[in-house]
Structures are given as structure tokens and as C-alpha cells.
Amino acid sequence: MTTFEAYLDSHTGTLLTEELVVVLRNISEATRQISDKLRSSSLSGLTGTTDAINVQGETQKPLDLVSNEIMLEACRTSPSVSFAVSEELDVEVPIHADGKYAVIFDPLDGSSNLDVNVTVGTIFSIVEASAATHVLKCGRKQLVSGYAAYGPQTHLVLTIGKGVQIFTLSGQGDYLLTTADARIASETKEFAINAARRPSWDEVIVAYIDAATDTPGYNMRWVGSMVADTHRIFNRGGIFLYPADRNKPTSGRLRLLYEANPIGFLVEAAGGAAIAGNTPILDIEPTSLHQRVPVIFGSRNEVAKISEAYKVQSLEAV
Ligand code: P6P
């Protein structure tokens, strides 16, 4: 089976520079270390919460901090990394003055699920950035994006701009290619949404969810861990919705730079669609490191139903 390293080597000099290959090797090693930390966290006391609150206003868990440090170390050991941007840190971290790539990451997404042993993940995105002002780039300008899903298996899902590859971590610590050129099914009857937030939905989302629940065959799944829900969609199709508040059409819970953009880049590379209301997520010009956006992505034909409904809504509003 093709190893992660062999896959990178086969694209060095074409889709990947040698420097980017070093960054990706170090990120993959970081995910191996995070996976190890998670597997035995109840034995090592890395459970519960700390007294710290991050820039998101969330109480940090010990593994949030450990995972963040492991990802920062991966950046430090990569000479071409200029800045690191983390969900856990207020501002970008200068890494190497002559670096040319910014690594943007959520070190442990879904960590509120850790103590109940549910799949969580590391999400990452790489853009060209030789200055801090270059970090805020729209999602279409990502060079690479990916995530590690720490579940019954540890999977590394990666796009280098062409196709999506899924690697499985072996017992010997090798990432082996188990799905080449993953595609997201264009049709689905499975939606993922936090139904408890129905009062905040706008009429497009209410109408879509009501139609789905009234149609025989539709089902709902909601893990509460974006990487887990995303991974299910990559494997059997589906649509994920974390929509805006009805009174604030550009609001959202999920962050653009290290959740919506990297996932959106992967989803489009696998033939799916990713929108924030009636705008493709990857077209949004970022204005701040931690800005939040509405997120709807997955099976292309199902996402199209919603983007069409928003188009009709905006025409009727004229
Ligand atoms: P809710 C986890 O905190 C996260 O950022 C995503 O991983 C997940 O999809 C979402 O929030 C869960 O949100 O409203 O269900 O707690």
C-alpha cells in the first residue's frame, strides 16, 4: 500500500514544493503524537478541564493545550513556516522570519467530546504567507488542507489541491493510503444539524429541514464534532448544516480560517459543495483570524437545494 511519504514524494516538484513536503511530513507526525496522547488520556490524567479560557471564550481542556503545542512544534521544525494561526491562540505566532507558508489549524476540534470518548480531530490549512498580513486569504487560495480524525481508527484526510486522499494509521505508525481520490456522493438523505437551535434558523433552513423530515427515507445524525460529521459525509454522503442566526445572516458558530475553509477545500475537491448561505465558503474574503461564518456543506445536489432557496429569497427581497 502507498505510504503518506510515498504519496508526497510522487507529487514533489509538481503540486508540492520540497519545503511544503517537509511541512506535511511534520504535520502528519504531529497527528500521530496527538493520536497517541488521546488513546491513553484517562491513564495520563489528561482529562477534565483547565482554568484557562481561550480567545473563543471556551474553557480549554488539557488535550487542547497539549495538541496545540504539538502542532506548534511541527511548525517550528519546518523551516519554511512563517506563521502559525491556532484556534487556541489570540493572534498569529511568528515562526521563521524567512518562512513562506502559514499553517492555520484547530488543534483539537470537538474536544468537548473527549471525556465521552467520541471522535475528535485536528484540522489544518496551509497558505502562502511571508507576512502576517498575507494570512487572511480566501479559501480558494489554500495550497493544502486536511484533517486527522481520531476515532476507532486514526485517518488522515488530505487534499493538495487535486483530489482527496484518505490515509489510515497502522499499528506500526505508518499512514497508508486506504482511499484514493475520495468522492462525496452527489445525493443524500442524511442531514446533520443541531436541532435544538431551530428557533435561531431562518426560513430557508426551517423549510429545508421540515421538507427532509417529512420525506420518507431521510435520517439525521449529529455528533457535535465537526470532523466526525465531516468524515461520515466523506464516507457515505450527507449534508452538514451550522446555519446563521436568522437575525444575523453572516453569523455562525464555526470559524472560517481553520474550520470552514479547510473543510470546504476538501469537500469541493471531492465533488461536494460548501456554502455560507448563498455564497461559496471558499469565496469569502476573511477580515479577522477568528471570524465565524455559516457553514453548509456536503452532497452537491442537496446543498444546491439550499443555495437555490437563498437565491429565490434574495430575488423576492428586491
Ligand atoms: P453544538 C465543536 O465545539 C464544534 O466547534 C464543532 O466541532 C461541532 O460541529 C460544533 O461545534 C458543535 O456545536 O452547537 O452542537 O455544540
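Predicted model: local features only at pLDDT ≥ 70, side-chain atom pairs only at ≥ 80, totals over all residues.

Modeller: I239 stands opposite G298 in β16. Numbering starts from 1 along each chain as its sequence is written, and side-chain values use heavy atoms, without hydrogens or water.

Pairing here takes at least two DSSP bridges. Strands are DSSP E runs of at least two residues, helices H or I runs of at least four, numbered from the N terminus. The sheet is open and has six strands. Its order is β10-β9-β11-β16-β13-β14, and the pairing is mixed. β10 (219-220) and β14 (279-280) stand at the edges. Each has a single partner strand, so one side of each is left without a neighbour in the sheet. Helix α7 (256-269) packs on this sheet and touches β13 (273-276) and β16.

Now widen the view. The chain is divided into domain 1 (4-179) and domain 2 (190-317), with bounds from an automatic or database assignment. Their C-alpha centres lie 23 Å apart. In contact (heavy atoms within 4.5 Å) are 45 residues of domain 1 and 33 residues of domain 2.

β11 also takes part in the lining of the largest pocket. This pocket holds about 410 Å³ of space. A pocket is an open set of points on a 1 Å grid over the protein atoms alone, with protein on both sides within 12 Å along at least five of seven lines; a cavity is a set where a 1.4 Å probe fits but cannot get out; lining residues have an atom within 4 Å of a point. Points join across faces, edges and corners, and volume is the space filled by probe spheres set on them.

The largest pocket is lined by 25 residues. The closest to its centre are E58, G110, S112, G224 and R253. Two or more lining residues come from each of β3 (101-109), β11 (239-242) and β12 (254-255). β3 gives the most, with three residues. Both domains take part: the lining draws at least three residues from each of domain 1 and domain 2.

β4 (120-128) pairs with β5 (144-150) in the antiparallel sense over seven bridges. In that pair, T122 stands opposite A148 in β5.

The whole structure has one cavity of 30 Å³ or more, and the largest cavity has a volume of about 30 Å³. I104, S125, V127, V135, K137, Q142, L257 and N261 line the largest cavity. β4 and α7 are the elements that give two or more residues to that lining.

Note on methods:
Axes fitted to C-alpha atoms, helices over the stretch in contact; angles between N-to-C directions.
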